[in-house]
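Q: I have a model with several chains open on my screen, and I would like to learn how to read it. Could we go through it together?

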There are 12 protein chains.
Amino acid sequence: MKKILVIHGPNLNMLGVREPELYGGFTLGEINEKIKGLAREIGVEVTIKQSNHEGEIVEIIQGALGNYGAILINPAAYTHTSIALRDAIASVGIPTIEIHITNIHKREDFRQKSLLAPVAAGQISGFGVNSYLLGLRAATYFLE
Amino acid sequence: MKKILVIHGPNLNMLGVREPELYGGFTLGEINEKIKGLAREIGVEVTIKQSNHEGEIVEIIQGALGNYGAILINPAAYTHTSIALRDAIASVGIPTIEIHITNIHKREDFRQKSLLAPVAAGQISGFGVNSYLLGLRAATYFLE
Amino acid sequence: MKKILVIHGPNLNMLGVREPELYGGFTLGEINEKIKGLAREIGVEVTIKQSNHEGEIVEIIQGALGNYGAILINPAAYTHTSIALRDAIASVGIPTIEIHITNIHKREDFRQKSLLAPVAAGQISGFGVNSYLLGLRAATYFLE
Amino acid sequence: MKKILVIHGPNLNMLGVREPELYGGFTLGEINEKIKGLAREIGVEVTIKQSNHEGEIVEIIQGALGNYGAILINPAAYTHTSIALRDAIASVGIPTIEIHITNIHKREDFRQKSLLAPVAAGQISGFGVNSYLLGLRAATYFLE
Amino acid sequence: MKKILVIHGPNLNMLGVREPELYGGFTLGEINEKIKGLAREIGVEVTIKQSNHEGEIVEIIQGALGNYGAILINPAAYTHTSIALRDAIASVGIPTIEIHITNIHKREDFRQKSLLAPVAAGQISGFGVNSYLLGLRAATYFLE
Amino acid sequence: MKKILVIHGPNLNMLGVREPELYGGFTLGEINEKIKGLAREIGVEVTIKQSNHEGEIVEIIQGALGNYGAILINPAAYTHTSIALRDAIASVGIPTIEIHITNIHKREDFRQKSLLAPVAAGQISGFGVNSYLLGLRAATYFLE
Amino acid sequence: MKKILVIHGPNLNMLGVREPELYGGFTLGEINEKIKGLAREIGVEVTIKQSNHEGEIVEIIQGALGNYGAILINPAAYTHTSIALRDAIASVGIPTIEIHITNIHKREDFRQKSLLAPVAAGQISGFGVNSYLLGLRAATYFLE
Amino acid sequence: MKKILVIHGPNLNMLGVREPELYGGFTLGEINEKIKGLAREIGVEVTIKQSNHEGEIVEIIQGALGNYGAILINPAAYTHTSIALRDAIASVGIPTIEIHITNIHKREDFRQKSLLAPVAAGQISGFGVNSYLLGLRAATYFLE
Amino acid sequence: MKKILVIHGPNLNMLGVREPELYGGFTLGEINEKIKGLAREIGVEVTIKQSNHEGEIVEIIQGALGNYGAILINPAAYTHTSIALRDAIASVGIPTIEIHITNIHKREDFRQKSLLAPVAAGQISGFGVNSYLLGLRAATYFLE
Amino acid sequence: MKKILVIHGPNLNMLGVREPELYGGFTLGEINEKIKGLAREIGVEVTIKQSNHEGEIVEIIQGALGNYGAILINPAAYTHTSIALRDAIASVGIPTIEIHITNIHKREDFRQKSLLAPVAAGQISGFGVNSYLLGLRAATYFLE
Amino acid sequence: MKKILVIHGPNLNMLGVREPELYGGFTLGEINEKIKGLAREIGVEVTIKQSNHEGEIVEIIQGALGNYGAILINPAAYTHTSIALRDAIASVGIPTIEIHITNIHKREDFRQKSLLAPVAAGQISGFGVNSYLLGLRAATYFLE
Amino acid sequence: MKKILVIHGPNLNMLGVREPELYGGFTLGEINEKIKGLAREIGVEVTIKQSNHEGEIVEIIQGALGNYGAILINPAAYTHTSIALRDAIASVGIPTIEIHITNIHKREDFRQKSLLAPVAAGQISGFGVNSYLLGLRAATYFLE
């Protein structure tokens with residue numbers, strides 16, 4: 001299945017507004033354009049969703065079962081607090097790439113621990129908007 | 001009041017799909033049938049709800065006030081992360097039985113601590129689908 | 001901008017019902033009347049919202065951007081568990097006053113740490129319903 | 001094998017005397033009658049033993065090998081300090097149900113960690129004398 | 001009793017000099033004028049003291065017994081190190097408001113824990129000189 | 001009841017032999033003579049027991065119920081590891097004085113924490129054989 | 001030298017006033033009379049001092065050098081925070097008995113650790129005013 | 001003295017039965033034969049005891065005083081929980097070799113810390129039944 | 001400068017041999033071919049080095065100053081133990097991409113903390129040999 | 001300004017008396033002579049003070065503002081417990097050299113952490129009386 | 001393969017010089033003679049190497065692949081700091097015996113944790129030079 | 001012996017290049033000139049070495065035995081990670097002065113702990129290049 005589900009977590013709808021010195025000046029719309037552009041270039045299909053609600057993201061992941069070959073997720077704040085997301089990823093068994101715009105490993109202590117990492121295929125962290133593009137390429141390794 | 005509210009927490013709608021080696025092969029529908037069967041047998045009325053949303057579960061608990069004599073809850077992932085659920089249980093003051101399908105005390109460190117336990121009447125953990133049935137019996141001790 | 005957004009977090013709709021020995025006997029409606037009364041007295045405009053949903057509160061905060069000069073929030077349980085709220089406050093950059101009805105610094109260990117404090121302007125804790133009134137006065141210092 | 005071994009750990013011979021506000025007013029003799037009553041009702045055979053000696057309990061467990069299909073144990077104080085009991089349970093490989101009269105998860109820190117849980121089938125905690133009755137039912141799930 | 005005792009802890013006599021980017025540009029004299037002004041406005045009597053000596057502050061608090069209806073204290077460095085102050089406040093049993101100029105909850109780890117909070121009525125933190133004024137209003141809630 | 005039960009914990013039968021530079025040169029027999037001498041002098045009756053077995057000490061304590069007005073115990077190694085002893089003391093409700101020959105608060109970390117202290121009336125530590133004599137006097141305060 | 005220096009630490013001048021349910025109803029004056037009474041009875045000379053100032057207590061201890069054969073100290077709050085007192089005791093090398101009115105080992109965590117214990121001869125804790133009398137007897141063991 | 005005392009701790013009487021994938025397939029009897037065989041070969045005399053009781057092992061060690069030149073002990077579960085055994089070994093002052101069948105340093109966290117090691121001459125861990133044979137050779141280094 | 005330095009840390013010369021179930025079946029030579037292939041494809045120049053010596057890697061990094069526009073490093077075991085590597089990277093100020101073959105965030109605790117992350121531009125972890133290829137693309141973002 | 005203020009903290013007036021094996025045999029007077037001798041030799045003016053009172057030292061530091069170009073302080077016990085001293089040093093902004101007679105980094109755990117170090121220019125530790133002389137030289141680097 | 005590789009870690013070339021009260025009076029040369037003597041006696045072939053360089057030891061281990069049937073290593077300081085050695089041992093898959101001259105389990109905290117133990121077959125600690133001889137015997141169990 | 005060995009640890013060859021805002025603008029060559037200048041002035045002979053290799057520094061220290069009367073070392077990154085250096089210093093028994101350019105006690109947590117301090121004579125930290133000059137003077141105190 002050559003379809004990849006891209007999920008933006010909480011507050012990412014504020015990109016460009018939210019602390020641009022940390023997260024860069026691109027809006028979420030601009031980032032989505034870049035993701036779609038690369039998807040076309042490498043020949044995969046992407047669906048992109050954003051939610052600020054933990055429960056909703058749980059259900060977006062559950063809904064991916066049978067419909068997508070890989071998930072690309074920037075779980076943002078929920079990276080560090082949501083066991084529900086972790087359980088959702090484990091329950092669908094779809095290869096999941098965890099990405100972060102900033103290098104979480106050099107930020108506050110509470111941002112250095114990902115509850116999702118143990119169920120993710122891999123993690124990409126610190127390359128700004130390019131984290132999404134690298135993540136999209138990484139996701140394709142798991143499509144057959 | 002001989003009515004018991006049964007609440008399934010996040011990702012339990014995936015039972016049977018989700019890691020069956022951990023959680024068993026029954027679907028949520030099948031489990032609900034077993035719960036209802038036992039309820040009939042021992043003469044109590046049950047209402048069963050499932051939600052993946054922390055805020056929604058908070059409101060399900062708030063709504064139980066005056067309507068149910070006991071709550072049976074499998075809080076799943078929110079067991080370990082939700083102070084909001086804990087506060088909701090404390091605010092309604094209804095005897096609440098906390099149950100878990102797996103024995104959380106032998107799993108990952110973060111699953112061994114329940115934020116709800118200090119406001120729950122008791123906890124049953126590790127008996128698969130039977131945890132619900134034992135929990136239902138336990139709940140009846142608190143009905144008058 | 002002389003407008004202040006007041007946000008009540010999870011379970012505060014249960015005030016008066018919920019553990020009155022801890023949280024006092026006023027209902028949320030009565031508290032809101034007091035807040036509005038003081039607002040009129042000191043000449044500021046207030047909008048008051050309550051939600052039990054983390055994601056919804058995130059969006060209430062996001063929606064404040066450009067519409068309010070200060071936020072007064074009692075984050076309740078989410079004080080201690082929500083990085084998403086913290087990120088929302090940081091993203092809008094509106095001065096935010098964090099208040100608590102009880103003195104969280106003398107309660108359970110897990111209630112003594114606020115994840116929001118590092119992005120809040122200040123914190124007021126322990127004065128019952130008066131925490132809101134003190135907080136409203138504090139908020140006015142940040143309006144220009 | 002339809003035989004279940006019930007073990008009461010240290011100080012449980014003081015039940016009824018020992019802190020009744022915590023442990024209830026039943027004596028051990030009365031509890032044993034209830035256990036036997038339920039055993040008759042559900043058609044299983046029980047043997048009941050009590051000991052204050054860690055080494056003796058180790059040997060009671062060792063002696064169960066080949067003679068019982070399940071063990072129901074309230075390890076009391078040894079729950080938290082005895083690796084020897086844990087090793088004994090692991091060595092006989094008999095399904096073991098761990099029960100507690102009080103909800104240990106809301107008591108002192110040192111009572112919240114069970115050294116036995118990782119080798120027990122499941123745990124029931126907080127239902128007073130009913131913990132034994134629920135445990136007995138739970139034990140029957142493991143008899144064939 | 002409509003009298004309030006205001007206590008400034010160690011190094012607060014250096015205000016205006018001491019790290020103004022943290023503590024603001026007002027001198028202690030100017031702050032005291034503001035406190036007295038508000039006191040007149042809301043009709044309470046205040047006595048104001050400053051000391052750099054832990055033992056002296058202990059005795060100032062002891063001396064308040066029978067003479068003041070509330071204490072407003074900025075314990076500064078002793079917030080985090082003085083059990084003697086805590087015991088003094090507990091011994092006189094006068095409602096005590098703890099205030100801080102900066103938001104201690106976003107500073108160094110050792111400044112985030114108040115040894116006094118468990119015996120204080122409430123805490124106000126982070127509003128600069130206004131912390132004193134909010135604290136004075138808060139103190140009046142405790143006068144009868 | 002003017003009877004006091006004196007309990008020597010594990011390895012105290014080795015006194016005089018065991019590390020005399022730590023525990024002094026008196027044998028247990030000699031210490032017992034001193035205890036009896038003082039008992040006669042101050043007019044109380046004492047019974048003295050020694051055991052190396054945790055379970056046996058539990059039962060010695062249980063057996064004190066109704067027979068002794070106070071217990072004087074040097075729990076030795078079990079001070080730091082036995083919740084069973086703690087529960088036994090709590091179950092009989094007899095005022096219990098905990099004594100130690102050495103000053104445990106200046107020894108290895110694991111000897112600085114007493115599991116029994118929270119259920120003991122008081123603790124005397126560091127006076128060699130005199131700890132027993134001081135403890136005997138202390139015990140008399142609890143006899144009526 | 002048959003002279004013993006008795007030191008009362010901070011807030012002990014409030015005894016009788018300060019939390020009588022914890023510290024008993026005797027005033028410091030009454031306690032001092034008891035101490036002097038026992039001193040006369042057992043034929044030792046005592047000097048009694050009280051101070052709320054850490055530095056002053058340091059100097060009282062320093063001044064004991066050459067003048068007293070033993071020190072009896074209730075360091076109160078400074079037990080847990082004063083390395084200066086510890087160093088003072090070590091510097092004079094006079095046998096020092098540390099006493100506490102309450103059993104500090106069953107109180108708040110921060111009261112369970114004594115910074116002085118490693119330089120004290122022994123510790124007596126939990127016997128109310130009798131802690132002083134037991135301590136005085138203990139001190140006499142160190143006089144020659 | 002060319003006599004060595006060999007002590008098997010709790011549950012070692014279950015060897016061959018107990019988790020053979022961890023502890024190997026030899027029974028305790030077979031292991032004892034191997035120990036005796038090597039003892040004969042290298043010309044030392046051995047006495048072998050097993051006990052599941054902490055207090056009993058304490059007394060076996062105490063009884064070794066004057067009768068054995070070295071002790072070889074597999075303390076099993078008591079390695080990690082028994083200060084009483086540690087004190088017993090220290091009290092007799094006989095060189096003691098601590099051995100373990102499995103490599104405890106790669107097992108659960110609580111098995112990686114030996115309370116006995118600080119009073120043992122040395123430790124051998126991880127060689128199955130050969131740990132005993134290596135330990136016996138090691139013990140001979142301490143015989144004169 | 002369009003030149004990228006690729007550094008393989010300790011034991012990576014054993015790839016293909018070393019735990020293939022963890023690290024995959026490619027040899028280091030094969031991986032280097034893939035890296036060179038992609039470099040040609042995207043038009044950058046690469047130099048590849050491997051060393052098992054911390055000091056040597058420090059000097060390889062120091063030698064990059066002025067010669068390379070970016071560094072791609074798999075620090076392997078030194079990720080978690082080498083402050084010297086961290087200081088070397090900080091001293092040359094060249095953008096450095098940290099990559100790992102396995103997802104270190106789901107391995108042993110000690111592998112989850114990278115000492116280098118705070119000085120690295122970003123981190124890629126868990127994609128097997130593809131981690132190198134993603135890292136090479138990431139490195140190109142930092143070339144001008 | 002070529003004037004240096006030298007401050008000796010608590011118990012340093014006992015030097016020569018206090019544990020000479022740790023702190024050396026020189027009295028404070030002799031040390032002061034050495035300091036003055038070196039001051040003359042290198043052409044700086046020194047004022048030397050000693051105090052056992054935390055509050056007094058705070059005020060000595062405050063009084064240095066405008067009068068001294070550097071401070072040389074041996075804070076002794078207050079190194080590890082006084083945030084008030086730390087705040088005083090920060091408030092005056094005078095370069096401060098922290099010295100210790102013993103090497104605090106090899107002593108008790110609680111002596112290894114300096115609360116003052118983050119506001120001190122540098123630290124010299126372990127050279128006996130020479131620590132003062134090295135510190136005096138170090139202080140001169142900060143005079144202009 | 002009847003060949004055993006013996007590796008001495010850092011500073012072991014200083015044996016006899018280095019703290020003889022800890023490590024004994026034998027030089028490394030003398031120890032090597034003893035090892036060779038025992039090897040001849042029991043019919044195995046040994047190669048002995050020493051290095052102070054972590055990277056070099058990594059490569060010595062890598063070089064053992066295919067050439068030795070077992071490794072006997074005293075990793076000295078690298079026991080506690082080298083993940084690289086651990087990975088090297090894991091990569092070659094040769095049974096490895098870890099030995100220590102002193103009983104590391106009774107030394108400083110940082111010496112009590114071995115990073116190598118989880119990949120070693122077993123560990124022998126505390127028998128002086130005899131640790132090598134016991135280790136050599138242990139190694140022969142793994143040769144076929 | 002009037003000879004002093006000066007050792008510069010890893011990355012110090014980058015001084016002047018490496019983060020000059022932290023470490024100052026002097027190159028290692030310039031610092032060495034200053035050291036030699038002061039050595040001539042105070043009449044001692046110095047040898048200066050730099051290495052980035054832990055093993056090499058171990059051997060430099062070993063080689064000092066019999067050749068130097070004191071060692072002056074800036075261990076840089078190895079301060080916090082090298083037990084091998086610590087053991088080397090202990091093995092030669094030469095008085096060793098540990099110096100740091102920056103005040104390590106105000107930097108990252110991991111830089112605040114020196115593994116070498118317990119075997120060093122003393123430590124000087126925070127005076128830039130002057131730390132070397134103060135250290136050289138300190139070293140002379142240990143020459144006879």
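Q: How many residues of chain A are in contact with chain I?
A: Happy to start there, and please keep in mind that this is a predicted model. On the chain A side, 23 residues are in contact with chain I, and they meet 23 residues of chain I.

Q: How much area do chain A and chain I bury between them?
A: Here is the general idea: the size of an interface is often given as the accessible area lost when the parts come together. In this case chain A and chain I bury about 1,900 Å² between them, and 56% of that is on carbon and sulfur atoms.

Q: Which three residues supply more than any other three of the area that chain A buries against chain I?
A: Look for A:H105, A:F127 and A:Y141, which together supply 27% of the area chain A buries there.

Q: Which elements of chain A each supply at least two residues to the side that touches chain I?
A: Find β5 (122-125) and α6 (130-140) of chain A. The most comes from α6(A), with 5 residues.

Q: What rotation superposes chain J on chain E?
A: This pair takes a rotation of 120°, with 0.0 Å of shift along the axis and an RMSD of 0.0 Å. So these two copies are related as by a three-fold rotation axis. In chain J the residue that comes closest to the axis is J:T81, at 4.1 Å (C-alpha). Chain J and chain E use different surfaces, since 12% of the contact residues of chain J recur in chain E.

Q: How many residues are in contact between chain J and chain E, and how much area do they bury?
A: Chain J brings 16 residues into contact with 17 residues of chain E. Together they bury about 1,400 Å², with 54% of it on carbon and sulfur atoms. J:Q62, J:I83 and J:D87 supply 37% of the area that chain J buries against chain E, more than any other three residues.

Q: Which residue forms a salt bridge with J:D87?
A: The partner is E:R111, and the closest N and O atoms of the pair are 2.9 Å apart. Across the interface of chain J and chain E, 2 salt bridges are found. There are also 6 residue pairs in polar contact, both residues at pLDDT 80 or more. On the chain J side, α3 (54-63) and α5 (83-92) give two or more residues each. The largest share is that of α5(J), with 8 residues.

Q: Which chains do not touch?
A: Chain D and chain E are one such pair, with their nearest C-alpha atoms 20 Å apart. Chain A and chain F do not touch either, and their nearest C-alpha atoms are 29 Å apart.

Q: In what order do the 10 strands of the open sheet stand?
A: In general, strands of a sheet pair through backbone hydrogen bonds, either parallel or antiparallel. Here the order is β2(H)-β1(H)-β3(H)-β4(H)-β5(H)-β5(K)-β4(K)-β3(K)-β1(K)-β2(K), and the pairing is mixed. At the edges stand β2 (45-50) of chain H and β2 (45-50) of chain K, each with a single partner strand, so one side of each has no neighbour in the sheet. From one strand to the next, the twist averages 20°.

Q: How do β1 of chain H and β2(H) run, parallel or antiparallel?
A: They run parallel, and 6 bridges join β1 (residues 3-8) of chain H to β2(H). For a pair to look at, H:I7 stands opposite H:K49 in β2(H).

Definitions and conventions: Residues are numbered from 1 along each chain as its sequence is written. Chains are lettered from A and ligands numbered from 1 in the order in which they are written. This is a predicted model: local features need pLDDT of at least 70, side-chain atom pairs count only at pLDDT 80 or more; totals for chains, interfaces and linings use all residues. Side-chain values use heavy atoms; hydrogens and water are left out. Two strands pair if DSSP finds at least two bridges between them. Helices (H or I, at least four residues) and strands (E, at least two) are DSSP runs, numbered from the N terminus. Axes are lines fitted to C-alpha atoms, for helices over the stretch in contact, and angles run from 0 to 180 degrees between N-to-C directions. Copies are superposed by least squares on the C-alpha atoms of residues with pLDDT of at least 70 in both. Contact means heavy atoms within 4.5 Å. Buried area is the accessible area (1.4 Å probe) that two parts lose on being put together, summed over both. A salt bridge is a side-chain nitrogen of Lys or Arg within 4 Å of a carboxyl oxygen of Asp or Glu. A polar contact is a pair of N or O atoms within 3.5 Å; within protein, one must be able to donate a hydrogen and the other to accept it, and residues adjacent in sequence count only if both atoms are side-chain atoms.
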